[in-house]
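These are my notebook entries on a structure that I consulted for the first time. I record what I looked up, entry by entry.

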There are 4 protein chains.
Amino acid sequence: MKTTKLGILGLGRIGRIHLENLCTKIPGVEVLAAMNPSEAGQAFARSWNVPLVTSDADTVINHPDINAIVVCSPTDSHAEYVQKAARAGKAIFCEKPLDLSLETVKQTLKVVKDAKVPLMLAFNQRLDPSFAAVKEKINDGSIGNIISVHIISRDPEPPPVHYIKSSGGLFMDMTIHDFDMSRHITGSEVTEVFAKGYNLIDPEIGKAGDIDTGFILLTFENGVTVIIENSRKAIYGYDQRLEVFGTKGMVRAENPYKDTSLFFDESGGHMKRLPDFFMTRYVVSYLREMEDFIDALRNKRPMPITGEDGLKAMIIAVAANRSVKEGRPVKITEIG
Amino acid sequence: MKTTKLGILGLGRIGRIHLENLCTKIPGVEVLAAMNPSEAGQAFARSWNVPLVTSDADTVINHPDINAIVVCSPTDSHAEYVQKAARAGKAIFCEKPLDLSLETVKQTLKVVKDAKVPLMLAFNQRLDPSFAAVKEKINDGSIGNIISVHIISRDPEPPPVHYIKSSGGLFMDMTIHDFDMSRHITGSEVTEVFAKGYNLIDPEIGKAGDIDTGFILLTFENGVTVIIENSRKAIYGYDQRLEVFGTKGMVRAENPYKDTSLFFDESGGHMKRLPDFFMTRYVVSYLREMEDFIDALRNKRPMPITGEDGLKAMIIAVAANRSVKEGRPVKITEIG
Amino acid sequence: MKTTKLGILGLGRIGRIHLENLCTKIPGVEVLAAMNPSEAGQAFARSWNVPLVTSDADTVINHPDINAIVVCSPTDSHAEYVQKAARAGKAIFCEKPLDLSLETVKQTLKVVKDAKVPLMLAFNQRLDPSFAAVKEKINDGSIGNIISVHIISRDPEPPPVHYIKSSGGLFMDMTIHDFDMSRHITGSEVTEVFAKGYNLIDPEIGKAGDIDTGFILLTFENGVTVIIENSRKAIYGYDQRLEVFGTKGMVRAENPYKDTSLFFDESGGHMKRLPDFFMTRYVVSYLREMEDFIDALRNKRPMPITGEDGLKAMIIAVAANRSVKEGRPVKITEIG
Amino acid sequence: MKTTKLGILGLGRIGRIHLENLCTKIPGVEVLAAMNPSEAGQAFARSWNVPLVTSDADTVINHPDINAIVVCSPTDSHAEYVQKAARAGKAIFCEKPLDLSLETVKQTLKVVKDAKVPLMLAFNQRLDPSFAAVKEKINDGSIGNIISVHIISRDPEPPPVHYIKSSGGLFMDMTIHDFDMSRHITGSEVTEVFAKGYNLIDPEIGKAGDIDTGFILLTFENGVTVIIENSRKAIYGYDQRLEVFGTKGMVRAENPYKDTSLFFDESGGHMKRLPDFFMTRYVVSYLREMEDFIDALRNKRPMPITGEDGLKAMIIAVAANRSVKEGRPVKITEIG
């Protein structure tokens with residue numbers, strides 16, 4: 001097995017998860033260089049003995065021994081780094097989204113295509129074991145023809161307002177995962193989007209021009225209906241559920257709990273809280289997406305999640321925003 | 001306690017449930033007369049020792065000792081019987097719907113109002129213990145402000161096509177319960193309806209001009225969003241769920257199972273099937289609605305579910321049908 | 001179908017359940033006479049239109065039109081009534097136990113045997129749908145060879161001390177159901193009993209010479225081990241569970257809850273309380289045992305639960321008491 | 001924070017888990033040396049960049065820079081290595097058991113005591129999050145006075161017969177964890193042991209002189225009863241449960257499932273399998289025990305689980321073996 005040599009850009013929350021997984025869980029890889037503007041992230045990289053730690057992205061991207069670049073920097077740098085890495089002939093793993101502008105995404109994908117380098121986009125939720133088990137039940141025919149899909153995604157707490165401001169909005173930042181999951185689960189493409197959006201959780205989010213509560217009804221080419229419910233805040237924890245109803249059966253992925261203990265007293269039975277947030281809920285899926293990336297690279301297989309997947313989810317988000325604004329169902333063909 | 005003396009019209013499935021409950025479970029009532037066109041229903045009444053068994057509705061309605069009429073005959077006779085009973089000064093319990101025509105319903109309600117008799121409409125699901133427990137959590141403040149409601153209602157098997165033809169359609173026949181539940185749970189009125197309807201289960205239903213699959217997104221005056229999923233067939237049994245999400249908590253009513261046994265083998269853990277249908281799932285709620293009717297009569301309290309509740313649910317159904325037809329959200333004010 | 005004509009002795013809690021079920025749920029039966037010493041029980045019988053209501057048991061037992069006697073009077077009258085009914089040639093349904101004395105039970109069974117009348121003993125828990133589902137999994141081979149059985153039976157509240165005093169003690173009064181269930185589930189006979197008993201709940205029970213907490217380990221002829229846990233008080237409700245472990249699988253009957261609603265808040269998820277007590281938990285099993293009795297009578301089939309079943313459960317209870325007293329495992333052969 | 005410098009002896013399954021956790025999950029530690037007789041284990045150590053890899057235990061134990069020794073070698077070397085490490089003044093973490101002979105254990109503990117070095121014994125199950133949650137409910141008073149404890153521990157597959165032969169037997173090898181858990185949960189000491197043991201799973205185990213099925217009833221000084229059920233094989237997976245019943249409440253730790261997906265078809269609802277074995281079930285507890293060891297070392301706190309805990313669990317196992325052999329309850333004071 002030839003060693004895969006990687007560079008990583010950005011060591012915030014997600015970057016650190018990927019770096020730790022690469023250093024401790026995935027055999028046959030070496031992280032040769034890491035870029036982070038701040039000292040804290042650099043120290044993290046050093047603690048894992050990354051040989052070259054820098055604040056300069058180009059040094060990492062152009063490192064002659066590096067085969068692949070993992071992009072975990074802030075969203076507004078994704079397009080630039082991906083394009084540079086593509087032009088340098090490197091394989092790329094990039095956190096979602098590629099960019100908040102459809103135009104920039106399309107142009108970036110063109111650069112990647114022209115460079116003929118592999119690009120994997122990080123829709124990690126596809127790889128959550130419970131959601132993957134749902135997909136497996138579809139694939140093995142247990143569900144029959146899918147009739148509808150229901151996704152609930154609620155965060156435990158809204159992000160800070162300054163994050164909201166540069167996030168692209170609820171649909172682009174949060175629902176984007178559910179749009180991707182919808183395409184993944186149905187195996188089809190959206191034709192129409194009807195969406196409702198509200199500011200019910202925190203007035204500051206409304207002042208920042210965003211919504212914190214969303215309901216989306218998607219119609220797919222194959223006739224499947226997908227319903228998505230989103231909220232920036234569920235007081236009872238991180239609520240992530242998926243249910244698929246079909247002609248032969250129904251399958252649902254329920255939330256896990258912090259532990260399996262049950263307590264009974266005079267008032268009834270009591271279960272533990274849901275997981276706190278994505279850091280604890282999606283531990284396995286973060287590892288799996290990095291394994292899948294390395295595995296595809298090593299065996300020269302197509303990337304399991306592509307830049308086009310990212311583009312298509314974004315187009316749904318744009319249609320959803322228009323639907324809220326205009327109070328009507330929007331055809332996907334209306335979006336440029 | 002003065003004995004309440006009743007007459008019952010119609011002894012099909014629901015009529016028999018009510019007659020049996022009246023004869024065996026509710027103290028202080030007497031069923032003096034029963035009407036059914038066929039011999040089978042009449043024999044059922046006789047087996048419960050009903051003194052007067054007849055095929056003539058007027059004989060029951062005008063029986064001088066009877067205070068209250070329970071109408072369980074086919075839908076197309078409801079309006080006539082209710083109007084006659086009202087004019088005869090009797091209290092009325094009527095199965096839903098009052099009629100398939102909005103005009104006839106309005107006119108019937110006017111007759112009832114003019115006659116100043118109490119009328120209770122049979123939206124029994126409000127009284128299911130698990131759904132009632134959901135409502136209680138809202139009432140006691142545990143949920144905070146309601147943000148959204150999600151209702152799943154799937155039958156185990158579609159009814160015969162001849163029933164479909166005279167049913168008024170999926171939204172009027174089946175979703176009507178969910179429309180009523182939405183108003184009951186939110187404590188508010190619908191302003192807008194967006195609905196999708198499909199014929200995915202049985203082509204014969206489509207040929208009969210109806211749908212068998214529906215998705216409805218309701219917007220309420222108080223800002224709450226309600227999402228309803230309906231199917232005429234769930235292969236895994238009678239699926240009836242309700243979930244309410246609010247600022248302080250979330251509450252859901254899950255399906256019961258046939259029994260509480262769990263079996264574990266090499267392939268995993270196995271629970272029993274869901275209840276077969278409404279006859280086994282809603283046993284308690286059928287009893288409670290009759291108790292509530294008798295109780296309101298006896299204590300001269302307002303009926304807990306009124307003819308107006310029936311009318312309002314019907315108006316939502318009409319709007320839902322128009323939304324499917326026109327492919328757009330329909331304002332409730334558009335419906336006459 | 002020939003009508004089965006019954007008389008009932010005793011209209012306390014259980015007697016009323018049986019009378020109501022006979023009058024409202026079981027076709028083809030008629031209750032011709034009822035005996036109860038007090039006016040309240042007699043009034044109950046009259047409310048169900050029982051033609052002959054009396055305080056004299058012999059009048060019921062010797063009623064010429066009556067085929068079968070249902071004995072629900074206090075335990076100390078069971079043996080007398082059963083013997084009289086047997087001598088009068090009536091079929092008999094009797095609440096457990098036949099008597100608190102092994103000698104009297106044996107003698108009574110002899111009278112029944114000599115009279116060649118059918119006798120069914122009321123171990124209703126065998127007929128609980130969830131426990132019956134467990135038995136079914138054993139019968140259909142899903143469990144393979146049984147290795148062990150675990151029974152938890154905890155009441156929500158201890159009975160009054162005056163009841164305790166005449167109850168025969170915890171093992172004879174409460175665990176007797178679990179001893180019967182053990183024999184039923186294992187399909188085998190006990191060879192050895194090791195038991196521990198404590199007074200941990202209420203000192204008054206100890207003063208009355210009884211225990212309120214018991215642990216029993218039974219060894220069966222076929223090598224199966226059964227473990228029973230009993231308590232007179234579980235603050236969280238009526239806890240009745242059964243689990244069977246075998247070479248091919250495991251099956252457990254879990255407790256039901258008051259309803260299926262689940263509430264989630266900051267502290268976690270919350271289920272409703274367990275059922276209050278046997279009146280609400282075993283509704284179906286009471287009906288089924290009466291149906292089975294009538295069905296066996298009508299079709300001249302052997303009674304599903306016999307007087308010998310009652311005797312064998314009692315012998316286990318006697319052995320358990322001796323085990324607690326002597327601090328050692330007791331062979332069943334040691335009991336006369 | 002001063003770096004803790006460790007040596008590790010033995011790199012089989014458990015040794016590798018500890019080494020990986022030390023190298024990747026616990027900050028402020030360095031593994032300076034590793035001993036394993038075979039090349040495979042040595043290669044594993046090298047892959048984690050352990051500077052000194054050897055087949056000689058003394059080299060590790062006497063390494064001048066090493067503060068603490070982690071003993072994961074086969075059981076028959078534990079006593080020797082622990083004694084050597086103690087005499088070398090090192091802190092010690094040792095897998096259970098210290099030895100199969102009570103005498104050797106006592107003598108080893110004396111050496112440790114004389115050397116005044118800290119020793120932690122690896123009863124990792126105490127640190128499982130769900131079992132720890134049970135203990136927490138006891139500690140915070142939610143359970144009131146404990147009345148009884150029920151432990152189910154069933155392996156998915158028996159170990160190879162050659163392992164069985166040198167294991168010390170079911171009670172010493174497997175139940176030892178449950179004996180420790182019993183002491184941990186009740187906070188008390190055993191006074192009497194009644195045990196039953198059978199060879200029901202694999203005749204080869206019987207030929208090797210061992211049992212594969214055990215039932216144990218422990219009586220504690222504080223009046224609590226603990227019931228343990230053990231099997232070397234549960235066809236449905238690794239079954240590890242704990243339930244505590246008390247005067248104020250009941251708490252149970254249920255099994256987790258492989259994922260949270262639920263599938264419903266005509267036959268009912270289906271959950272996933274239980275975890276495969278301790279490697280997947282107790283991931284977190286293995287990490288926590290190493291963290292706790294390092295934490296106690298660093299802050300000079302008493303070890304959370306001691307050599308005496310190991311000794312006391314062993315004494316219970318000896319009593320259990322005698323109880324099975326002699327068919328009677330055995331007082332703990334009977335064991336030397």
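Which residue of β14(D) is the bridge partner of B:H270? I looked this up in the model, which is predicted, and found that D:H270 is the partner of B:H270.

I then turned to the two strands concerned. β14(B) pairs with β14 of chain D, residues 268-271, in the antiparallel sense, and 3 bridges join them. I noted as background that strands of a sheet pair through backbone hydrogen bonds, in either the parallel or the antiparallel sense.

Next I examined the contact between the chains. Chain B gives 12 residues to this contact, and chain D gives 12 residues. On the side of chain B that touches chain D, β13 (261-265) and β14 (268-271) of chain B each supply at least two residues. I recorded that β14(B) accounts for the largest share of that side, with 4 residues. Sorted by class, the side of chain B that touches chain D holds 4 nonpolar, 4 polar and 4 charged residues.

I found an open sheet of 6 strands with parallel pairing, in the order β3-β2-β1-β4-β5-β6. Its edge strands are β3 (52-54) and β6 (119-121), each of which pairs on one side only. Neighbouring strands of this sheet are turned against each other by 20° on average, direction ignored.

In β5(B), B:F93 is the bridge partner of B:V70.

Finally, I located helix α1 (residues 13-24) of chain B, which packs on the sheet and touches β1 (4-9), β2 (29-35) and β4 of chain B. The direction of α1 makes about 150° with that of β2(B).

Definitions and conventions
Residues are numbered from 1 along each chain as its sequence is written. Chains are lettered from A and ligands numbered from 1 in the order in which they are written. This is a predicted model: local features need pLDDT of at least 70, side-chain atom pairs count only at pLDDT 80 or more; totals for chains, interfaces and linings use all residues. Two residues are in contact if their C-beta atoms, placed from the backbone, lie within 7 Å. Ala, Val, Leu, Ile, Met, Phe, Trp, Tyr, Cys and Pro count as nonpolar, Asp, Glu, Lys and Arg as charged, and the others, Gly among them, as polar. Two strands pair if DSSP finds at least two bridges between them. Axes are lines fitted to C-alpha atoms, for helices over the stretch in contact, and angles run from 0 to 180 degrees between N-to-C directions.
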